[in-house]
Amino acid sequence: MSIRIVFGNITGAILTLGWNLFNKFNPKQHILSLYLHNPQKNVFENTVLYLKKKGFRFISTDDLQKLLEQKKSLQGRTAIVTLDDAWRDNLQNVIPIAEKHQVPITIFTPIQPVEEGVMWLRWFRDKETLSKFPELANQNPKRLSTSRRNEYWTKMKEQKRFEREIMTINEVQSLAKLPFVTIGGHTYSHPILPNCTPEELESELVDAGQTMRTWTGTDIHVMAYPNGDFNNEVIAVSKRAGFDMAFTTEEGRYIDIRHADLMRLPRNCVPNAFGRQESRARALGVWQKVFKK
Ligand SMILES: [Zn+2]
């Protein structure tokens, strides 16, 4: 076991104990909101089982929307579980567990990675690829304008191919039919939305929303901002694209049923492969409160 995992578990255990003793979670008014990407099976199952043991019941994003619109007080601890990017390993590591423990999940699914199999950052973080683009060496690729990103990305794709990591269209379509799965919007190409021009926002949000509705045959009205990045213009176009609820990556906060902004819903990240105690502390958001980014 690595030192990082051991540190995470000891610290996580202390923070979780602290949460259990002193938490300000008001079950009448707060909803715990979490998201994962490509979790190991045991990370997903341990986290879900821990929250169940602590009395949380899980609701879908559709139920969440109704609750937020009604603003009625809740009955008992409530939590929501979302996953970003439609990683293919979710099919083995998440779906069977969610079904077994009756956890409704929403999977925010970007169109282009489903079509092509890989997320754009795969190339921008690949050492071999980067060696051919020395000007990018000290650049954060998330700061590039979307058109610059696309120029590089096109060249990179000509140089190197990666194996599929994201679900296929057929897989997304089969998941959309499961009663406990909701497919949510996650743009066309997973750009950093504030780096987009108005035209790019239109295709990333409006057109991509329509494509996903056609793929799944369902009315998709919930989305997550890639990388959690948004601004007022992004919110305006997202609403026009038919999304009436959107998740950020703001951590360490509960969704407050009385004051929630439906286009700025917070979520705690549970990383793919940390230990059991750290995963619990992160799911509860107590880790992020102590270790602010
Ligand atoms: Zn994403």
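## Reading a predicted protein chain

Mentor: Of the 293 residues in the protein chain, 41% are buried. The model is predicted: local features need pLDDT of at least 70, side-chain atom pairs count only at pLDDT 80 or more, and totals for chains, interfaces and linings use all residues. Residues are numbered from 1 along each chain as its sequence is written.

Trainee: What makes A86 count as buried?

Mentor: A count of C-beta atoms, placed from the backbone, decides: 20 or more others within 10 Å means buried, 12 or fewer means exposed, and anything in between is partly exposed. A86 has 26 C-beta neighbours inside 10 Å, so it counts as buried. A86 sits in the loop between β3 (78-84) and α4 (90-93). Its phi is positive, about 60 degrees, although A86 is not a glycine.

Trainee: Why is Q102 called exposed?

Mentor: Q102 has 11 other C-beta atoms within 10 Å, so it is exposed. Look for Q102 in the loop between α5 (95-100) and β4 (105-109). Q102 is not a glycine either, and its phi is near 55 degrees, a positive value.

Trainee: How many helices and strands does the protein chain have?

Mentor: The protein chain has 14 helices and 9 strands. Both are DSSP runs, numbered from the N terminus: helices are H or I with at least four residues, strands are E with at least two.

Trainee: What makes the protein chain as compact as a globular protein of that length?

Mentor: The radius of gyration is 19 Å, close to the 19 Å that the globule rule gives for 293 residues, so the protein chain is as compact as a globular protein of that length. The radius is taken over C-alpha atoms, and the rule is 2.2 Å times the number of residues to the power 0.38. The C-alpha atoms fill a box of roughly 55 × 45 × 35 Å along the principal axes.

Trainee: What share of the contacts with a separation of 6 or more comes from residues 24 or more positions apart?

Mentor: The share is 73%. Two residues are in contact if their C-beta atoms, placed from the backbone, lie within 7 Å.

Trainee: Why is P141 called partly exposed?

Mentor: P141 has 17 C-beta neighbours inside 10 Å, so it counts as partly exposed. The loop between α8 (127-131) and α9 (146-159) holds P141. Beyond residues up to four places away in sequence, P141 touches L121, F124, L136 and R149. P141 and F124 are 17 residues apart in sequence, yet their C-alpha atoms are 6.7 Å apart.

Trainee: What makes Q173 partly exposed?

Mentor: Q173 has 14 other C-beta atoms within 10 Å, so it is partly exposed. Q173 belongs to helix α10 (residues 169-176). Leaving aside neighbours within four places in sequence, Q173 is in contact with W215 and T216.

Trainee: At what angle do helix α11 and helix α12 pack?

Mentor: Helix α11 (residues 198-216) and helix α12 (residues 232-240) pack at about 40 degrees, with their axes 8 Å apart. That makes α11 oblique to α12. Angles under 35 degrees count as roughly parallel, over 145 as roughly antiparallel, 65 to 115 as roughly perpendicular, and the rest as oblique. The axes are lines fitted to C-alpha atoms over the stretch in contact, and angles run from 0 to 180 degrees between N-to-C directions.

Trainee: Which residues make the contact of α11 with α12?

Mentor: α11 brings L201, E202, L205 and V206, while α12 brings E233, V234, V237, S238 and R240. By class, 5 are nonpolar, 1 is polar and 3 are charged. Ala, Val, Leu, Ile, Met, Phe, Trp, Tyr, Cys and Pro count as nonpolar, Asp, Glu, Lys and Arg as charged, and the others, Gly among them, as polar.

Trainee: Why are α1 and α13 called oblique?

Mentor: Helix α1 (residues 3-22) and helix α13 (residues 276-284) pack at about 40 degrees, with their axes 7 Å apart. α1 and α13 are therefore oblique to each other. Their contact divides into 5 nonpolar, 6 polar and 3 charged residues.

Trainee: Left-handed or right-handed: which is the crossing of α1 and α13?

Mentor: The crossing of α1 and α13 is left-handed. That term applies if the near helix is turned anticlockwise from the far one by less than a right angle, and right-handed applies if clockwise. The crossing of α11 and α12 is right-handed.
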